[in-house]
Amino acid sequence: MTDFKLKEKDETYMQNLAEDWRRQLSGKTIGVGLCGSFCTMRKVLEELARLAELPGVDIWPVLSQNVQRLDSKFGPAAEWREALAAMGGAVRQPICTIPEAEPIGPLSPLDVMMLAPCTGNTLAKLALGITDGPVLMAAKAHLRGGKPLLIALASNDALGLNAKNLGLLLAAKNIYFVPLGQDDPIKKPNSLIFDSKLLLPALAAALNRRQIQPLLKGSL
């Protein structure tokens with residue numbers, strides 16, 4: 001039997017979150033693992049610029065090896081670092097190595113962390129416990145303390161070979177997802193991408209140990 005009071009409470013929470021995420025994220029220390037889904041990078045950086053404007057926020061960027069070194073048709077590697085630096089004092093110098101990321105575990109400085117954008121490669125490695133780069137080390141170290149981790153997935157094979165890894169992480173403790181949908185169901189039927197408009201509300205929800213709903217959307 002449906003608990004209508006619970007359903008109404010959840011719907012009210014989601015409505016309030018759309019207006020209240022700024023207050024909830026102000027003053028928080030937030031880790032951001034940026035991975036090489038370059039086609040979504042500018043959307044993520046736009047949202048990070050909004051996040052950096054909040055009072056008292058402290059952002060710890062962690063760059064994957066590909067983000068650090070690869071130029072692509074979506075922009076040179078240097079552009080991403082320049083965009084982070086332009087956000088001002090709220091954004092720290094990027095963490096770029098495994099040794100730099102490892103202390104996140106024992107020090108436990110972050111209130112919440114997000115992988116945005118998160119590639120299918122990073123998703124698969126996280127699901128299988130592989131730690132071979134700074135972003136994965138930071139995520140593993142953060143989860144060690146039972147802290148919430150948000151995933152903004154952008155992957156061409158999320159509904160293909162990576163579907164099993166997506167399923168593992170959907171069921172994992174302390175892991176949450178930005179709502180996502182198919183970006184091109186005809187030409188790329190296995191592809192899923194996060195809704196960038198919900199990145200920061202989903203981050204606030206994860207901070208409060210909630211999965212923003214609905215998780216699955218139509219075409220984006």
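Reader: In this predicted model, by about how much of helix H2 are arginine 50 and glutamate 47 separated?

Author: Arginine 50 and glutamate 47 both belong to helix H2, which covers residues 41–52, and they stand three residues apart there. Their side chains form a salt bridge in which the closest N and O atoms are 2.8 Å apart. Because the two residues are three places apart in that helix, the separation is about one helical turn.

Reader: Is glutamate 47 buried or exposed?

Author: A residue counts as buried when its relative accessible area is under 20%. Arginine 50, at 33%, is partly exposed, whereas glutamate 47 has a relative accessibility of 10% and is therefore buried.

Reader: How many residues apart in sequence are the parts that arginine 92 and aspartate 58 tie together?

Author: Arginine 92 forms a salt bridge with aspartate 58, with 3.0 Å between the closest N and O atoms. Arginine 92 sits in the loop between helices H4 and H5, while aspartate 58 is in strand S2, so the parts that this pair ties together are apart in sequence by 34 residues.

Reader: Which residues do salt bridges with shared partners join into one network?

Author: The side chains of aspartate 195 and lysine 217 meet in a salt bridge, at 3.6 Å from N to O. This pair links distant parts of the chain, with aspartate 195 in the loop between S7 and helix H10 and lysine 217 in the segment after H10. Through salt bridges that share partners, the residues joined into one network are Asp195, Lys197 and Lys217.

Methods: Residues are numbered from 1 along each chain as its sequence is written. This is a predicted model: local features need pLDDT of at least 70, side-chain atom pairs count only at pLDDT 80 or more; totals for chains, interfaces and linings use all residues. Side-chain values use heavy atoms; hydrogens and water are left out. A salt bridge is a side-chain nitrogen of Lys or Arg within 4 Å of a carboxyl oxygen of Asp or Glu. Helices (H or I, at least four residues) and strands (E, at least two) are DSSP runs, numbered from the N terminus. Buried means under 20% relative accessible area, exposed over 50%, partly exposed in between (1.4 Å probe, protein chains only).
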